[in-house]
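Please open the model in your viewer and keep the selection tool at hand. The stops below take you from one selection to the next.

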Amino acid sequence: MSEAVLVALIGLAGSGLGSVLGILVSSKLTQYRLEQLEKKVEVHNQVIDRVYKLEKRAEVQEEKIQVCKHRIGDLEEAVKA
């Protein structure tokens, strides 16, 4: 085998190995970043769920306040009469 062919094959092997390793490292980095994003999305979804529950509780409390106001008004009118 001639020297030029041997150098070309070594260069080809080096390029192929470098490409495969680059792809593997890039894939691992992409996977890691996706996992981190999934964690952030999960935290965000938990916050959204908590806000939704708080809004429901606030609605219930506002309704109770309105009922109390009406009852107080009725009592005030009963005392005046």
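Which residues form a negative surface patch? Select Glu55, Glu59, Glu62 and Glu63, which together make up that patch. Here Asp and Glu count as negative and Lys and Arg as positive, while His and the chain ends are not counted, and a charge is placed at NZ of Lys, CZ of Arg, CG of Asp or CD of Glu. A patch takes in residues with over 30% relative accessible area and no salt bridge, like charges being joined within 9 Å and nonpolar side chains (Val, Leu, Ile, Met, Phe, Trp, Tyr) within 5 Å; a salt bridge is a side-chain nitrogen of Lys or Arg within 4 Å of a carboxyl oxygen of Asp or Glu.

Before moving on, note that this is a predicted model, in which local features need pLDDT of at least 70 and side-chain atom pairs count only at pLDDT 80 or more, whereas totals for chains, interfaces and linings use all residues. Residues are numbered from 1 along each chain as its sequence is written, and side-chain values use heavy atoms, with hydrogens and water left out.

Stay with Glu62, which lies in helix 1 and counts as exposed because its relative accessibility is 52%. Buried means under 20% relative accessible area, exposed over 50% and partly exposed in between, with a 1.4 Å probe and protein chains only.

Next, select Met1, Val5, Leu6, Leu9, Ile10 and Leu12, a nonpolar surface patch whose accessible area together is about 650 Å²; such areas come from the Shrake-Rupley method with a 1.4 Å probe, and for residues only the protein chains shown count as cover.

Finally, show the whole protein chain, which has 1 helix and 0 strands, both taken as DSSP runs numbered from the N terminus (helices H or I, at least four residues; strands E, at least two). Its C-alpha atoms fill a box of roughly 120 × 10 × 5 Å along the principal axes, and 0% of its 81 residues count as buried.
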